[in-house]
Amino acid sequence: MTQVFEKHISLVGLPGSGKTTIGRYLARRWSMGYVDVDVAIEEQIGCAIRDFFATEGEERFREVEAEVLARLLARPEKTVVATGGGAVLKPANREQLRAHSTVVYLSASPHEIARRLQRDTQRPLLQVGNPLQRLLDLHVQRDPLYREVADFVVAGNGLSATQVAQRVAMQVELTPP
């Protein structure tokens, strides 16, 4: 099904909430381009995000993330954009997302995400002694920001990625431009 949108479709949510998986599904469904902001960042910095985090720190990473996100959202071809979990931390990113995207918050419980990511070694913010506590803390900090920027909130607790993607598609497709 080819879908025409006036804005990009951006997905926000905690690390592990399904942004990448659901973004790819939506891009296929709508015959649109897809971009994962974290992949675009790695292409720009020339190394893995976790390595950049270790050497340059989170603040520098957030600066690069803001540059990459702004560049992607300025592209004329409308795409499905999977943001990094912390993209909403910078007010400028929230402004860019609202101005250039229909934003969907993939809401998932920190407990469910922790279960899904038990063996993950790629997410720098979760490489801590207690990843569940870290997710709970991130949720407290970021949930209000995700909600602030979101046009839609889609809860994914207890659902497969396909079910969540179908709910997102229904919400977006049923909303007039």
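Just after helix 2, Gly46 takes a positive phi of about 75 degrees. Helices (H or I, at least four residues) and strands (E, at least two) are DSSP runs, numbered from the N terminus. This is a predicted model: local features need pLDDT of at least 70, side-chain atom pairs count only at pLDDT 80 or more, and totals for chains, interfaces and linings use all residues. Residues are numbered from 1 along each chain as its sequence is written, and side-chain values use heavy atoms, without hydrogens or water.

At the N-terminal end, helix 2 is capped by Asp36: a side-chain oxygen lies 2.8 Å from the backbone nitrogen of Asp38.

Helix 2 spans residues 37-45, and its buried residues (under 20% relative accessible area, 1.4 Å probe, protein chains only) are Val37, Ala40 and Ile41. They sit on the same side of helix 2 because they cover an arc of only 100 degrees around the axis. That arc is taken from the directions from the helix axis to the C-beta atoms.

Five strands form an open sheet in the order 2-3-1-4-5, with parallel pairing. Two strands pair if DSSP finds at least two bridges between them. Strand 2 and strand 5 (152-155) are the edges, each pairing on one side only.

Strand 1 (residues 8-12) pairs with strand 4 (residues 101-107) over five bridges, in the parallel sense. Ser10 stands opposite Val103 in strand 4.

Conventions
Buried < 20%, exposed > 50% of the residue type's maximum accessible area, 1.4 Å probe, protein only. Polar contact = N/O pair within 3.5 Å; in protein donor to acceptor, adjacent residues only side chain to side chain.
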